[in-house]
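Look at the sequence and the 3D structure below.

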Amino acid sequence: MLHDIVNFVVDTVGSLGYTGIFIMMFLESSFFPFPSEVVMVPAGYLAYKGEMNIYFAIFAGVAGSLTGALFNYFLAVKFGRAFLVKYGKYFFIKEETISKMEEFFKSHGHISTFSGRLIPAVRQYISFPAGLARMNLLTFSIYTTLGAAIWVVILTLLGYYLGDNEALIKEYLRYIIVGILICLAIIGFWYYSKIKKNNKNS
């Protein structure tokens, strides 16, 4: 099943090019969540074969991710929580998911829009609490772009260097996700230690 999906994405990206990457990453980052691995890894593979420019592919992926995140952000700003809870279920967004993302945002602050982009099952929804909290748009865009760029580059390079070796990609991706979570924990500890220190000094 996964192999068929990957083949479909490869064919779609190959036929639509960078526009296809942008559209799929927009959807992945907004209301139609599916693994970004099935978009950027094939894009990296196509770059390896010389059918795409790797830098343009990465740019299209990051731009699509940011646009999708902004879509969710403005959706939350304009219509509010009640709208998301009422109609989100039609796009696989449960009230429980929204509540978890709100709690994650409250616990980790604005930097969660960066760290959340690197965590599976979180990155698609972290824009909602940011929008509900009316987070500064420029700050939101910067954090989102940085987080999305790291993830997109990792996936694209996996596809570029590992090609169509699906088993090896899964194995490396597992290690990468664990490594990212450890790094985020270290960054989070440093971030909150700094805030706590600043609060004591003020």
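Helices (H or I, at least four residues) and strands (E, at least two) are DSSP runs, numbered from the N terminus. This is a predicted model, in which local features need pLDDT of at least 70 and side-chain atom pairs count only at pLDDT 80 or more, while totals for chains, interfaces and linings use all residues. Residues are numbered from 1 along each chain as its sequence is written, and side-chain values use heavy atoms, with hydrogens and water left out.

Begin with the loop between α6 (112–115) and α7 (127–132), where L118 is found. Is L118 buried or exposed? Buried means under 20% relative accessible area, exposed over 50%, and partly exposed in between, with a 1.4 Å probe and protein chains only. L118 has 5% relative accessibility, so it counts as buried. Its C-alpha atom lies 9.9 Å from that of L146, a residue 28 positions away along the chain.

Now take the chain as a whole. It has nine helices and zero strands, so defined because helices and strands are DSSP runs. Of its 202 residues, 45% are buried. A contact means heavy atoms within 4.5 Å. Among the contacts in the chain with a separation of 6 or more, 73% are between residues 24 or more positions apart.

Which way does helix α2 run relative to helix α3? Axes are lines fitted to C-alpha atoms, for helices over the stretch in contact, and angles run from 0 to 180 degrees between N-to-C directions. Helix α2 (residues 18–29) packs against helix α3 (residues 37–48) at an angle of about 160 degrees, and their axes are 9 Å apart. The angle therefore makes α2 roughly antiparallel to α3. The classes are roughly parallel for angles under 35 degrees, roughly antiparallel over 145, roughly perpendicular from 65 to 115, and oblique for the rest. The crossing of α2 and α3 is left-handed; a crossing has this hand if the near helix is turned anticlockwise from the far one by less than a right angle, and is right-handed if clockwise. On the α2 side the contact is made by I21, M24 and M25, and on the α3 side by V39, M40 and A43. By class, these are six nonpolar, no polar and no charged residues. Here Ala, Val, Leu, Ile, Met, Phe, Trp, Tyr, Cys and Pro count as nonpolar, Asp, Glu, Lys and Arg as charged, and the others, Gly among them, as polar.

Helix α3 also packs against α8, at an angle of about 50 degrees and with the axes 6 Å apart. That angle makes α3 oblique to α8. The crossing of this pair is right-handed. In α3 the residues that meet α8 are E37, M40, V41, G44, Y45, A47 and Y48, and in α8 they are W151, V152, L155, T156, G159 and Y160. This contact has nine nonpolar, three polar and one charged residues.

Because its relative accessibility is 0%, T156 counts as buried. Beyond its neighbours within four places in sequence, T156 is in contact with M40, G44, I54 and I58.

Finally, K49 is found in the loop between α3 and α4 (54–87). Its relative accessibility is 42%, so K49 counts as partly exposed. The C-alpha atoms of K49 and Y160 are 8.4 Å apart, although 111 residues separate them along the chain.
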